[in-house]
Amino acid sequence: MPVLTIGDAEIPYSLLRSDTATRARITVTPERVEIVVPTAATDAEIAGVLHRRRAWLFEQTSGMAERMAKSNAVRRFVSGAKIPYRGRLMRLRVEPCDDTLVSVAYRNGFLVGCPRSLAPASHDELIESALRLWLRKRLRQDVAELVRRHGEPNGLIPRGVRIKEQKHVWGSCGIDRVVSLNWQLVFAPRTVLEYAVVHELSHLRHRNHDRPFWGQVATILPDWEVRKAWLDQNEHVLMLRRIEPESVPG
């Protein structure tokens with residue numbers, strides 16, 4: 001396999017010639033760098049493409065490696081992949097099945113049934129979608145149980161609870177007394193989810209983060225500061241996503 005050297009970095013890449021390509025294209029994935037060129041491309045033309053894209057290649061390969069190291073990003077949803085759940089990385093096992101829909105079960109790890117009738121190219125997308133649906137349902141059950149445990153005995157009863165996709169907050173409590181929680185809290189340890197639930201329930205009585213508010217939180221969870229610190233320090237790992245390939249024309 002040819003190698004492109006940029007400073008101290010060595011970037012292996014695969015070179016493919018295509019009868020249908022009209023210009024060069026470079027694609028970077030977590031597993032490989034692929035360069036597709038027209039069949040008639042000369043060595044000089046290929047070298048020119050690599051030279052023009054040296055800075056982009058270095059930025060993409062190093063950035064992708066950094067993102068993989070700092071997050072729970074998944075390269076492929078295949079057997080052996082690690083899926084975050086309740087503060088741990090759990091192993092994924094994918095098995096073919098005769099059903100028409102992707103199924104998800106949990107037995108000390110995730111077991112996914114993937115219909116044989118599905119095109120292989122669609123497996124990652126459909127498995128990811130099924131896992132997200134399963135995880136959101138499980139979080140909804142966990143939150144309902146925590147609301148019963150901490151809300152009712154303390155007179156903190158919301159009008160409703162919603163599990164949402166929230167980009168910048170872990171939860172909110174509206175003036176309509178509806179509590180919303182970020183579905184990605186399913187990736188946090190259960191003690192941290194418990195803190196997030198109690199935090200929002202406490203806003204039913206205290207709208208601001210003033211001393212009485214934190215006092216209310218402390219009456220339910222005396223160690224709330226430890227739980228909050230974990231959430232503040234580990235928010236970058238609370239996600240489930242694939243690292244998408246990056247492409248650029250040569």
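Predicted model: local features only at pLDDT ≥ 70, side-chain atom pairs only at ≥ 80, totals over all residues.
Trainee: Let's start with the layout. What domains does the protein have?

Mentor: The domain assignment gives domain 1 as residues 3-68 and domain 2 as residues 74-237. Their C-alpha centres lie 39 Å apart.

Trainee: Now helix α4. What makes you say that α4 is mostly covered?

Mentor: The count does: 11 of its 13 residues are buried. Those are V192, L193, E194, Y195, A196, V197, V198, H199, E200, L201 and S202.

Trainee: What covers the buried residues of α4?

Mentor: The cover includes α3 (123-151), β11 (171-173), β12 (178-182), α5 and α6.

Trainee: How do you know that the span of α4 is close to what is expected?

Mentor: Put the two values side by side. From its first C-alpha to its last, α4 reaches 18 Å, and 18 Å is what you'd expect for 13 residues at 1.5 Å a residue. The expected figure takes 1.5 Å times one less than the number of residues.

Trainee: Why is α4 called roughly perpendicular to α6?

Mentor: The two helices pack at about 105 degrees, with their axes 9 Å apart. Roughly perpendicular covers 65 to 115 degrees, so α4 against α6 gets that name.

Trainee: Which residues make that contact?

Mentor: From α4 it's T191, V192, E194 and Y195, and from α6 it's W224, R227, K228, W230 and L231.

Trainee: F213 keeps turning up. Is F213 buried or exposed?

Mentor: Buried: F213 has 0% relative accessibility, and anything under 20% is buried.

Trainee: On to the rings. How many aromatic pairs does the structure hold?

Mentor: Nine.

Trainee: Why is the pair of F213 and W214 called edge-to-face?

Mentor: Their ring centres are 4.8 Å apart, which is within the 6.5 Å needed for a pair. Their planes stand at 75 degrees, and over 60 counts as edge-to-face, so that's the label.

Trainee: And what makes W214 and W224 stacked?

Mentor: Here the centres are 4.3 Å apart and the planes are at 15 degrees. Planes under 30 degrees apart count as stacked, so the W214 and W224 pair is stacked.

Trainee: What does that pair tie together?

Mentor: W214 lies in α5 (residues 211-220) and W224 in α6 (residues 224-234), so the pair links parts that are 10 residues apart in sequence.

Trainee: Why does W224 count as buried?

Mentor: W224 comes out at 13% relative accessibility, and the limit is under 20%.

Trainee: Which residues form an aromatic cluster?

Mentor: Y85, Y106, F110 and W134 form one.

Trainee: Why is N108 called exposed?

Mentor: N108 reaches 63% relative accessibility, and exposed means over 50%.

Trainee: What phi does R177 have?

Mentor: A positive one of about 65 degrees, and R177 isn't a glycine either. R177 lies in the loop between β11 and β12.

Trainee: Why is R177 only partly exposed?

Mentor: Its 34% falls between the 20% and 50% limits, so R177 counts as partly exposed.

Trainee: Last one: L16 in strand β3 (residues 14-18). How do you know that L16 is partly exposed?

Mentor: The value for L16 is 40%, which again sits between 20% and 50%. Beyond residues up to four places away in sequence, L16 touches E34, I35, V36 and V37. The C-alpha atoms of L16 and G174, 158 residues apart along the chain, are separated by 55 Å.

Definitions and conventions
Residues numbered from 1 in each chain as written. Heavy atoms only, no water. Domains from an automatic or database assignment. Phe/Tyr/Trp six-rings, centres within 6.5 Å; stacked < 30°, edge-to-face > 60°. Buried < 20%, exposed > 50% of the residue type's maximum accessible area, 1.4 Å probe, protein only. Helix = DSSP H or I, 4+ residues; strand = E, 2+ residues; numbered from the N terminus. Contact = heavy atoms within 4.5 Å. Axes fitted to C-alpha atoms, helices over the stretch in contact; angles between N-to-C directions. Parallel < 35°, antiparallel > 145°, perpendicular 65-115°, else oblique.
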